[in-house]
Amino acid sequence: MSQPFSPDIIFAGGGATACVAAGRLAACDPSLKILILEGGQHTLNKDSVVQPYQYPSHLAPTSTMMTFNIGNPSQNLNGREPIVPCGRCVGGGSSVNFMIYTRSPASDFDDWGVHGWRSKDLIPLMKKLETYQAKPDSPTHGYSGPIKVSRGGRELTVCNEFIKVGMTYHGRKFAEDTDDLETCNTYSPLLKYIDETTGRRSDAASGYVYNQAHNTNLQIWVGKRVTRVIFADKRAVGVEFINDPISCPDADPSPSIVKASKLVVISAGAFGSPAILERSGIGAKAVLERCGIKQLVNLPGVGENYQDHNSAFVPYFGADDIVTMDPHWSRDEGVIKEELAQWKIDGKSFIAQNGSDAKIKWRPDEEELKIMGPAFQPRWNEFFRDRPDKAVAMFSVFAGNAGMPIIPRRNYLIAGCYSLYAASIGSVHIKLESGRETIDFTPGYLNDPSDIVPLNVGYKRMREICRRMPSYRGEVAARHPPFPEGSAAVCKETTGPVDLYAPDIIYSAEDDKVIDTFHRENLSTTWHSLGTCAMKPRVDNGVVDPRLNVYDVTHLKVVDMSIVPKNVGTNTYSTALLIGEKAAMIIAEDLSLVCRL
């Protein structure tokens, strides 16, 4: 393969964090030759990316914008093989995610205990990366960054019902901003990574690299899957890559090599980055030996420390006269044509919506803690009780059915609950089956018995909130726990909500078991995989140091969500952007670049 381009820096993976770091470095020094190798395809001006309402299409099993990682069967999930998607395109998850804007409490970063990565070091970068369009003059937000944050193109008023019921029945307050790095347990608007001016998704590729198309020293090669790092002794000098078999099914499968004169950056995410390291001979001896790979560096932490958030979504029938995203998501051509016309004029239509306008970062009160019982109490006492800025779970409601199967066309409300700070830890490694490489993926979901409790109690609490909303018309029974006949909890369609002050449903011990089983058989990822190349001391199974250098080799860094040592209480796009900004500063310092990042 002809390669006239000789890069200084290679990014092995073109996801969100890589786009941020590469884009910042290119802007800092346009003479720096930077190459991004991405297995997926370009996303520039692709309708399914830039039009926010289309995000559910990426979760279809036929999507080529995602990789669907299949986990090992789990007894905790009643024998299921969990499926965890991740982005496989330029911009990675930022190009295909739900566009939900949340940020961790500042204390999450202090909990990492990593020099240079404390909240005081990172808050300026959080502000730098964003243009916060929801409210002026907020001291923890930024107003001139490449990533736009707004309420979206049009409001879904049914979501206000969720907030109003929450403030009365659920007894919580309201705040305009619960992403100020400390506010918790308060109902608020749910903001989005959508540019309010254009109505387009605000993704990392558009914000950091596609806007530098004039710079021929910043190149993106798509359809190129990095397999391993090339070393001279223990210095990283380049990478081996192949034509991606999904993006380029008819291309020559032979490997190629491209050299980097200054640095190799692995940026392939929580699944891809540990795999590249292991193929390169960096990892645990047992993992490498079973794959026939000669060990270069003994780093048993590679592929360990896998973490995620667990989620559960259940549908409710909505009133016939409410506005939801159902016509858009069921492909009503007349509605979409009209909305697209308006969106192209000013961005102000439901094309610029993800379906949810409300949330709460929930902490249980005393009554809810009693319901959560002894299985959760040790975890509460150890981790949550004295940290009032840390939510146990996030609750939100979606106006419309974003791809949930087995339900006919009409108006729906989807109640979502996802737990934060799960105690369970998993792993992901490469393995060989019949001479073919695959993954040995154990998510670890529900290994700790405390992790299922927020989902079980969250189901009950969200059901009580939803059935008090004026637009509620009952449960879609086929997608709820199958409570036995005669139970007070049996799910059914109805003609309207219960009274705001009606008594709660009383669940029997048998009902509680049904809820528990339902979640084991249905809970899913929240697409927030992290931690598998952790930034920890080497003696603690760390893989990279505080400057993102892989231990025991030189000129090799990891820059993506895999470096996160401890979980974060947020949708992780905000953290991925932050890591990219911090990595750009570190790399610029290492290379003695004279610029202000």
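What volume does the second largest pocket have? In this predicted model, the second largest pocket has a volume of about 1,000 Å³. Its lining is made up of 33 residues, and those nearest the centre of the pocket are Leu59, Pro405, Arg479, Ser524 and Trp527. Two or more lining residues come from each of β4 (83-87), β17, α14 (509-522) and β24 (524-525). Of these, α14 gives the most, with three residues. By class, the lining of this pocket has 22 nonpolar, seven polar and four charged residues.

Among the residues that line the largest cavity are Tyr101, Arg103, Phe109, Met126, Glu130 and Tyr193, together with Thr570, Ser574, Thr575 and Leu578. Helix α15 (residues 573-590) gives the most to this lining, with three residues. Six nonpolar, four polar and two charged residues make up the lining of the largest cavity.

The second largest cavity holds about 70 Å³ of space. Eight of the lining residues are nonpolar, three are polar and one is charged.

Helix α13 deserves a look of its own. The helix covers residues 453-466, 14 residues in total, and spans 20 Å from its first C-alpha to its last, close to the 20 Å expected at 1.5 Å a residue. Is α13 largely enclosed by the rest of the structure, or largely open? Because 14 of its 14 residues are buried, α13 is largely enclosed by the rest of the structure.

In soluble globular proteins, nonpolar side chains tend to be buried together. Here, the largest nonpolar core has 176 residues, and the members that touch the most others are Phe11, Leu25, Trp117, Leu277, Ile282 and Leu556. Helix α15 supplies the largest share of this core, ten residues. Which residues does Ile282 contact, leaving aside its neighbours within four places in sequence? The partners of Ile282 are Phe231, Leu277, Leu288, Leu296, Val297, Leu299, Val302, Val550, Val553 and Leu556. Two of these partners, Leu277 and Leu556, are also listed with Ile282 among the core members that touch the most others.

Methods: Residues numbered from 1 in each chain as written. Predicted model: local features only at pLDDT ≥ 70, side-chain atom pairs only at ≥ 80, totals over all residues. Heavy atoms only, no water. Helix = DSSP H or I, 4+ residues; strand = E, 2+ residues; numbered from the N terminus. Expected span 1.5 Å × (residues − 1). Buried < 20%, exposed > 50% of the residue type's maximum accessible area, 1.4 Å probe, protein only. 1 Å grid on protein atoms, 1.4 Å probe; cavity = no way out; pocket = protein on both sides within 12 Å on 5 of 7 lines; lining within 4 Å. Nonpolar A, V, L, I, M, F, W, Y, C, P; charged D, E, K, R; others polar. Points joined across faces, edges and corners; volume = space filled by probe spheres on them. Core = buried A, V, L, I, M, F, W, Y, C linked by side-chain atoms within 4.5 Å. Contact = heavy atoms within 4.5 Å.
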